[in-house]
Amino acid sequence: MLRITKEADYGIVLLAVLAENEPGEIVTAREVAERSGLPLPMVSKILRSLARSDVLTSHRGVTGGYSLDRSADDMTVAEIIRAIDGPISMVQCGVEPGACDQEAVCPTRINWARISREVERALESIPVSEMLTARDRRELLRIGDDSPGLGVENR
């Protein structure tokens, strides 16, 4: 089974909390933890990762905290996953060349790289704002569809 980490998933939840504020409004990690219902240590770790990747701005001092300085429309799911988990790849050799002894003779390496690029392209097509709203359950991501974003499945 392929899945993103709990931290990346929570990162999008935390962005939902921050997106409720006015652009540039500063919120503490404790406030974000309380509003999201997630544990403060996990929230602090994720917010630091997002700030290091310039997804959020970190503000120091007594009135410090974090702010979302751009719209959730201007961020992609891929950007958040990379900020927290690092490069997006379906197999380890796509992230760490030389990590596998079979890499030089692997017959599937090229296809895994192609699959990884397509998954990343799909994640790049989804703005974080679409992850923050309650959507009709019939709407599904169409992988391989030429039009980016969500499409409607009539089931």
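Predicted model: local features only at pLDDT ≥ 70, side-chain atom pairs only at ≥ 80, totals over all residues.
Residues are numbered from 1 along each chain as its sequence is written, and side-chain values use heavy atoms, with hydrogens and water left out.

Ser36 lies in helix 2 (helices are DSSP runs of H or I, at least four residues, numbered from the N terminus). At 19% relative accessibility, Ser36 counts as buried (under 20% relative accessible area, with a 1.4 Å probe and protein chains only). Apart from residues up to four places away in sequence, Ser36 touches Val13, Leu14, Val17 and Val43 (contact means heavy atoms within 4.5 Å).

The axes of helix 2 (residues 29–36) and helix 3 (residues 40–52) come within 9 Å and cross at roughly 120° (axes are lines fitted to C-alpha atoms over the stretch in contact, with angles from 0 to 180 degrees between N-to-C directions). In this contact, Ala29, Arg30, Val32, Ala33 and Ser36 of helix 2 meet Leu40, Val43, Ser44 and Leu47 of helix 3.

Helix 4 (residues 77–85) is largely enclosed by the rest of the structure, because 7 of its 9 residues are buried. Among the elements covering these buried residues are helix 1 (6–19), helix 3, helix 5 (109–124) and helix 6 (128–132). Gly86, with a positive phi near 95°, follows helix 4.

Methods
Helix = DSSP H or I, 4+ residues; strand = E, 2+ residues; numbered from the N terminus. Buried < 20%, exposed > 50% of the residue type's maximum accessible area, 1.4 Å probe, protein only.
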